[in-house]
Structures are given as structure tokens and as C-alpha cells.
Amino acid sequence: MILEVILKLPNQPLIHKTSVVNHQQVEQAIAQMRDTIVQPEASKKFQAVSQQLYDWLIKPVESELKNSKVNTLVFIPDGSLQNIPMSALYDGALYLVQRRC
């Protein structure tokens with residue numbers, strides 16, 4: 001499976017980042033995130049799977065986001081990625097919603 005992140009920053013051309021990942025791993029991570037998001041006792045498991053998704057989706061463009069100092073991120077997810085809150089992606093220290101790019 002190919003995950004593609006297309007990033008549009010002010011006054012810059014589109015940036016394309018592609019990650020080749022196992023389709024089953026992505027689907028399993030999404031399912032685990034959805035299952036554990038409502039279970040307070042499973043917060044460590046949720047963070048682990050949320051961090052994996054962060055690494056696939058945000059990490060490839062992390063430096064561009066930091067350098068651009070954007071304040072707003074807009075996601076247009078496809079497939080089962082539509083079923084998870086992007087704000088809950090975890091970088092190992094903070095959730096995406098807690099970060100300032």
C-alpha cells in the first residue's frame with residue numbers, strides 16, 4: 001500500500017511524500033486506534049498505534065511544517081483513514097492537536 005501525503009504550504013509548490021507500507025498493518029493500526037480511543041485503561045496501546053500512524057503520515061513532512069510556521073492543518077483522508085481523528089495522532093510526547101507547527 002502506498003500512503004501519499006500532499007502538502008501545500010503558503011507560497012510554495014505542492015510537496016509529495018510517499019511511504020510504502022503493508023496494507024494490513026495500516027488497516028490493523030486504524031482498527032486498534034478506533035478500538036482503544038474510548039478505553040481509558042488502554043492509553044499506552046492507543047499512544048503506540050497512534051504514534052505509528054503519526055510516523056507514516058506526519059513525520060515525512062514534519063520539518064516542512066515546522067519551517068513554515070503554519071497554524072492550520074487540513075486533512076482530506078481516504079479510505080479507512082476517514083474513521084480516525086487526525087488530531088489524536090501522537091508523536092511520542094504530544095498529540096497533534098497539542099502541537100504548534
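Predicted model: local features only at pLDDT ≥ 70, side-chain atom pairs only at ≥ 80, totals over all residues.
## Largest pocket

The largest pocket holds about 670 Å³ of space. Its lining counts 28 residues. Val5, Ile6, Val74, Phe75 and Ile76 lie nearest the centre.

Two elements give two or more residues to this lining: strand 1 (2-7) and helix 1 (23-36). Strand 1 gives the most, with five residues. By type, the lining divides into 21 nonpolar, three polar and four charged residues.

## Salt bridges

The whole structure contains four salt bridges. One of them pairs Lys17 with Glu64, with the closest N and O atoms 3.3 Å apart. This pair links distant parts of the chain. Lys17 sits in strand 2 (residues 15-20) and Glu64 in helix 3 (residues 62-68), 47 residues apart.

Lys17 is partly exposed, at 27% relative accessible area. Glu64 is buried, at 18%.

## The Glu62 network

Glu62 forms a salt bridge with Arg99, the closest N and O atoms being 3.1 Å apart. Glu62 lies in helix 3 and Arg99 in the segment after helix 3, so the pair ties together parts 37 residues apart in sequence. Salt bridges with shared partners join Lys59, Glu62, Asp91 and Arg99 into one network.

Glu62 also bridges to Lys59, where the closest N and O atoms are 3.8 Å apart. Glu62 counts as buried because its relative accessibility is 15%, under the 20% cut-off. Arg99 is buried too, at 17%. Lys59 is partly exposed, with a relative accessible area of 45%.

Definitions and conventions: Residues numbered from 1 in each chain as written. Heavy atoms only, no water. 1 Å grid on protein atoms, 1.4 Å probe; cavity = no way out; pocket = protein on both sides within 12 Å on 5 of 7 lines; lining within 4 Å. Points joined across faces, edges and corners; volume = space filled by probe spheres on them. Helix = DSSP H or I, 4+ residues; strand = E, 2+ residues; numbered from the N terminus. Nonpolar A, V, L, I, M, F, W, Y, C, P; charged D, E, K, R; others polar. Salt bridge = Lys/Arg side-chain N within 4 Å of Asp/Glu carboxyl O. Buried < 20%, exposed > 50% of the residue type's maximum accessible area, 1.4 Å probe, protein only.
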